[in-house]
Amino acid sequence: MRTAPQLIFCALGLCLALEGALWALFPDMMRRVMQELVKKSPETLRHYGLLGLILGLLLVALFR
């Protein structure tokens, strides 16, 4: 069984690997996405962030 810090660093590593894969495989698309995000209001970005947080926590709860 792994300790909490080990699981946290494992999850962080997985997040970085997935994001890195997106940038490596689709750099032009990621650049366009970033350009579109800059145009969004802070409230919209906050909603996106909260949605991601909730979905991530649900996934962790379901598969833990």
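Residues are numbered from 1 along each chain as its sequence is written, and side-chain values use heavy atoms, with hydrogens and water left out. Because the model is predicted, local features need pLDDT of at least 70 and side-chain atom pairs count only at pLDDT 80 or more, while totals for chains, interfaces and linings use all residues.

Start with the largest pocket. Its volume is about 400 Å³. A pocket here is an open set of points on a 1 Å grid over the protein atoms alone, where a 1.4 Å probe fits, with protein on both sides within 12 Å along at least five of seven lines; lining residues have an atom within 4 Å of a point. The volume is the space filled by probe spheres set on the points, which are joined across faces, edges and corners. The lining includes Ala 4, Leu 7, Cys 10, Leu 14, Val 60 and Phe 63. Helix 1 (4-25) and helix 3 are the elements that give two or more residues to this lining. Helix 1 supplies the largest share, six residues. Helices are DSSP runs (H or I, at least four residues), numbered from the N terminus.

Cys 10 is partly exposed at 42% relative accessibility. Cys 15 is also partly exposed, at 49%. (Buried means under 20% relative accessible area, exposed over 50%, partly exposed in between, with a 1.4 Å probe and protein chains only.)

Now turn to helix 2 (residues 27-39). The whole structure holds one salt bridge, meaning a side-chain nitrogen of Lys or Arg within 4 Å of a carboxyl oxygen of Asp or Glu. Lys 39 pairs with Glu 36, and their closest N and O atoms are 3.2 Å apart. The two sit three residues apart in the helix, so about one helical turn separates them. Lys 39 is exposed at 63%. Glu 36 is partly exposed at 42%.

Finish on the surface. Leu 50, Leu 51, Leu 53, Ile 54, Leu 55, Leu 57 and Leu 58 form a nonpolar patch with about 670 Å² of accessible area together. Patch residues have over 30% relative accessible area and no salt bridge; nonpolar side chains (Val, Leu, Ile, Met, Phe, Trp, Tyr) are joined within 5 Å, like charges within 9 Å. Areas come from the Shrake-Rupley method with a 1.4 Å probe; for residues, only the protein chains shown count as cover. Leu 57 lies in helix 3 (residues 42-63). Its relative accessible area is 53%, so Leu 57 counts as exposed.
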